[in-house]
Amino acid sequence: MCDEPKIDNSTQEPMNCTNHTAYVQCLPAPNITCKDHLGIEKVFTGREVGFYKPIECRNVNGYSYKVAVALSLFLGWLGADRFYLGYPALGLLKFCTVGFCGIGSLIDFILISMQIVGPSDGSSYIIDYYGARLTRLTITNATFRKMQTYP
């Protein structure tokens, strides 16, 4: 029986999230006998922690998704969205060119709304609920294309 993760109200992520992982306590059922990492058998009563289950989480550093979208929608032509997300050079460029004559503001609004552009420190946005999230698929060295076989 594993505990539910304790959710931090300010970030809506599990508490103690480090390196995209948080751990929750798991209690084995009563009268279960297991060997630990040293090979010693132990009988659990159902009240002691048997192991910690890893749970995936997202690292956040205080950037709100709602604020980023609102800044992009209303003040994107001034570059406020890019300044907020930590891109001062692009924010200044958007300010001087009035959002690239509006086209850059529209493009940035779409990119921020789809969460393609995020905070410059690589963290994730704070979203107001805990549950299913948008995850982007990426191709890395760990992914590969499977060869197709023809009949």
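## A tour of rings and sulfurs

Start by selecting Tyr125: at 3% relative accessibility, this residue counts as buried (buried means under 20% relative accessible area, exposed over 50%, partly exposed in between, with a 1.4 Å probe and protein chains only). Before going on, bear in mind that this is a predicted model, where local features need pLDDT of at least 70 and side-chain atom pairs count only at pLDDT 80 or more, while totals for chains, interfaces and linings use all residues. Residues are numbered from 1 along each chain as its sequence is written, and side-chain values use heavy atoms, with hydrogens and water left out.

**Ring pairs**

The structure has two aromatic pairs (rings of Phe, Tyr and Trp, the last by its six-membered ring, with centres within 6.5 Å; planes under 30 degrees apart are stacked, over 60 edge-to-face, the rest tilted). Bring up Tyr63 and Tyr84: the ring centres are 5.7 Å apart and the planes at 80°, so this pair is edge-to-face. Tyr63 belongs to strand E5 (residues 60-64) and Tyr84 to helix H2 (residues 80-85), so the pair ties together parts 21 residues apart in sequence (helices, H or I, of at least four residues and strands, E, of at least two are DSSP runs, numbered from the N terminus). Tyr63 counts as buried at 18% relative accessibility, and Tyr84 as partly exposed at 24%.

Tyr65 is in helix H1 (residues 65-75) and Tyr125 in strand E6 (residues 124-126), 60 residues apart.

**Sulfurs**

Next, show the cysteines. There are two disulfides in the whole structure (a disulfide is a pair of cysteine sulfur atoms within 2.5 Å). Pick Cys2 and Cys26, joined with an S to S distance of 2.0 Å. The torsion about their S-S bond is about 105°, so the disulfide is right-handed. Cys2 is partly exposed at 35% relative accessibility, whereas Cys26 is buried at 1%.

Then select Cys17 and Cys57, whose sulfur atoms are 1.9 Å apart in a disulfide. Their link is right-handed too, with 95° about the S-S bond. Cys57 is buried, with a relative accessible area of 3%. In sequence order, the bonded cysteines pair 1-3, 2-4.

Last stop: Cys34, which is in no disulfide; its nearest cysteine sulfur, that of Cys26, is 12 Å away. Cys34 is partly exposed, with a relative accessible area of 33%.
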